[in-house]
Amino acid sequence: AKGYNSTCATIAKHVLRSTLDYLLEDRDKTELEIKVKMEIAFLFLQSPLVDTEDKSAALLALFIPLLIDYDDKELLSRSYLHEKMTSLMNSRSNSFKQVVREQLNDDERSATERLVKYQDERSEHNGGKEVFLKSFA
């Protein structure tokens, strides 16, 4: 069974690396294509293969700047990116805090905070629910 898990982990790493490489390419893609690839990458991040804080932090160090870049380039809606950023923050809080403190520069920290604190105008106008977010510190 251990050899099977090792083979699965190797395949998963290859798939993730290929997906991230494709996501990072600067070429014309539709929002739907980007979202599908992003969801695949997020599924991997939530998988049992990411079973340590070190693995989680390494992946978050890739994902957080990617979300910021997509926001800067307006490739995906800010509400979608907010949802993904808060999902990372809530599901991997220790790793998220570590990456924000130790691996992001000041501009990236500000951009991360902006995405976390973003409130969709539609939810504000429709009596949206109040969301309490965790602190980065």
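Tutor: A residue is called buried when its relative accessible area is under 20%, exposed when it is over 50%, and partly exposed in between, with a 1.4 Å probe and protein chains only. By that rule, 34% of the 137 residues of the protein chain count as buried. The structure is a predicted model, in which local features need pLDDT of at least 70 and side-chain atom pairs count only at pLDDT 80 or more, while totals for chains, interfaces and linings use all residues. Residues are numbered from 1 along each chain as its sequence is written, and side-chain values use heavy atoms, with hydrogens and water left out.

Student: What makes the pattern of the protein chain α-α-α-α-α-α-α?

Tutor: Helices (H or I, at least four residues) and strands (E, at least two) are DSSP runs, numbered from the N terminus. The protein chain has seven helices and zero strands, and reading along the sequence gives that pattern.

Student: Why is Ser95 called buried?

Tutor: Ser95, which lies in helix 5, has a relative accessibility of 1%, and the limit for buried is under 20%, so the name applies. Setting aside neighbours within four places in sequence, Ser95 is in contact (heavy atoms within 4.5 Å) with Glu53, Ser56, Ala57 and Leu60.

Student: What makes the pairing of Ser95 and Ser56 a polar contact?

Tutor: A polar contact is a pair of N or O atoms within 3.5 Å; within protein, one must be able to donate a hydrogen and the other to accept it, and residues adjacent in sequence count only if both atoms are side-chain atoms. The side chains of Ser95 and Ser56 are joined at 3.1 Å, which falls within that limit.

Student: What makes the largest group of 31 residues a nonpolar core, and which members touch the most others?

Tutor: A nonpolar core is a set of buried Ala, Val, Leu, Ile, Met, Phe, Trp, Tyr and Cys residues joined through side-chain atoms within 4.5 Å. In the largest one, Met38, Phe63, Ile64, Leu67, Met85, Leu88 and Phe96 touch the most other members. Helices 1 to 6 each supply at least two residues of this core, and helix 3 gives the most, with nine residues. Leu67 touches Met38, Phe42, Leu81, Lys84, Met85, Leu88 and Leu115, if residues up to four places away in sequence are not counted.

Student: What separates Asp106 from Arg109 in helix 6?

Tutor: Because they are three residues apart in helix 6, Asp106 and Arg109 are separated by about one helical turn. Their side chains meet in a salt bridge of 2.6 Å, N to O. Asp106 counts as exposed at 57% relative accessibility, while Arg109, at 27%, counts as partly exposed.

Student: What makes the phi of Glu74 worth a remark?

Tutor: Most residues other than glycine have a negative phi. Phi of Glu74 is near 55 degrees, a positive value in a residue other than glycine. Glu74 sits in the loop between helix 3 and helix 4, and its relative accessibility of 68% makes it count as exposed.

Notes: A salt bridge is a side-chain nitrogen of Lys or Arg within 4 Å of a carboxyl oxygen of Asp or Glu.
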